[in-house]
Amino acid sequence: MPELPDLVIIKERLVPQLLNQKIRSVEIVDPVVVRNLTGGVLDDFYNNLSFLKIERNGPFLDFSFEKMNIVIHPMLSGKFSLDPKYKKKDLCVRILTDGPTLNYIDDTRMGKVYFLKPDELGRISKYKEQGLDLLSEEFTEAAFLKTMEKNRQQTRVFLMDQSKLSALGNAYADEVLFAAHIHPKTPCNQLSQKEKSLLYKSIKEVLFSSIEYIRNKNAPLDVKVRDHVKVRNRKNEPCPNCGTTIRRANVLGYDSFFCPSCQPAKGQQFINWNRSDS
Ligand SMILES: [Zn+2]
C-alpha cells in the first residue's frame, strides 16, 4: 500500500508517538518478512533501546536506536498501526514499548523488516541506490532534466526507476503522467522541453497535494487513502477532465491507467485499442 505520500504521513504520525519510547520486546510473528542482519539473537540487541529517530529513505522507513536500526520496506501491502485492536496472529512483527505498540502487518508478505547495525545499511537491497529524493531540495528542475538526459525508457518506466527518482510507485506514476498529459509509453527522448518541464511540475504538484490530502483526511494509520486519485484503478470510469473512458495498458509488466484523450500516444507509440491488453 504505502507510496511516498503515505509514508510521509505514517512517519509524521509515528514520530510523536514513538520517539524516546523504550523497547520492551520485539516479537517476530511471521519470520518470512524478517531479515536479521545482526548475526545475533534480536532480543539481546533490542532490550531497553529507545527510538531515537524515524526517517524515510525513498520507500523505506528507518527506525534508529542506540547502535541499532530497524528498516522496514513495506512494498505493496505493508501496513503500520499503533492500534491495540490487532491480534498477534494477524501481525508480522510487533514492537512493544513503554508507550504504544508498533504493529507491522503485511497480508502478501512481500515487504521486509530488516534488523541491523547502522553501518550495514548498504546490505539492504536498493537502500543506498536510491536516486533523487522527490521531496528533497535537491529535486530541482535542472537535476530532474539531467537525470532524464538521453534517456530512452518509456516515461512511466523512467518515473518508477528508483535509482533515478526516489520514489514513485504504480499509483502516483499514473497520477503524475495524467497531470502532465503524457502517455505512459512515450519514450523520454520523444518528450519536448515543455513536456519535460510539465512532468517535473506534475511530480511536485501531485505529491505535495496528495500529502496534504492524506494529512487532512486523518484516516487510521492502516487505512489506504486513495479516493483522491484521478485515473489509478479507474478503468472504464470517465476521465475527470474530458469524460473519455479511462484505459488500462501494460507497461513492462505493470498495469498503467490513463486517459487516451488527455494523454494521447505519440507517433509510433499508437496503440490499437482493439487489442487484448487494453
Ligand atoms: Zn481525459
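A: Here is a walk around the zinc site. Bear in mind that this is a predicted model, where local features need pLDDT of at least 70 and side-chain atom pairs count only at pLDDT 80 or more, while totals for chains, interfaces and linings use all residues. Residues are numbered from 1 along each chain as its sequence is written, and side-chain values use heavy atoms, with hydrogens and water left out.

The zinc ion is held by the SG atoms of Cys239, Cys242, Cys259 and Cys262, at 2.2 to 2.4 Å. Donors here are N, O and S atoms within 2.8 Å of the metal (3.2 Å for Na, K and Ca), and since water is not among the atoms, sites may look incomplete. Angles among the four donor atoms run from 102 to 113 degrees, and the site is tetrahedral (four donors, all angles between 85 and 135 degrees). For four tetrahedral donors, the ideal angle is 109.5 degrees.

Read along the chain, the donors of the zinc ion are spaced C-x2-C-x16-C-x2-C. Cys242 sits in the loop between helix H6 (193-217) and strand S12 (247-251), and Cys262 in the segment after strand S13 (254-258), so this pair ties together parts 20 residues apart in sequence. Helices (H or I, at least four residues) and strands (E, at least two) are DSSP runs, numbered from the N terminus.

As for accessibility, Cys242 is partly exposed at 40% relative accessible area, whereas Cys262 is buried at 13%. Buried means under 20%, exposed over 50% and partly exposed in between, using a 1.4 Å probe and protein chains only.

How values were computed: Tetrahedral: all angles 85-135°; square planar, octahedral: opposite > 155°, others 65-115°.
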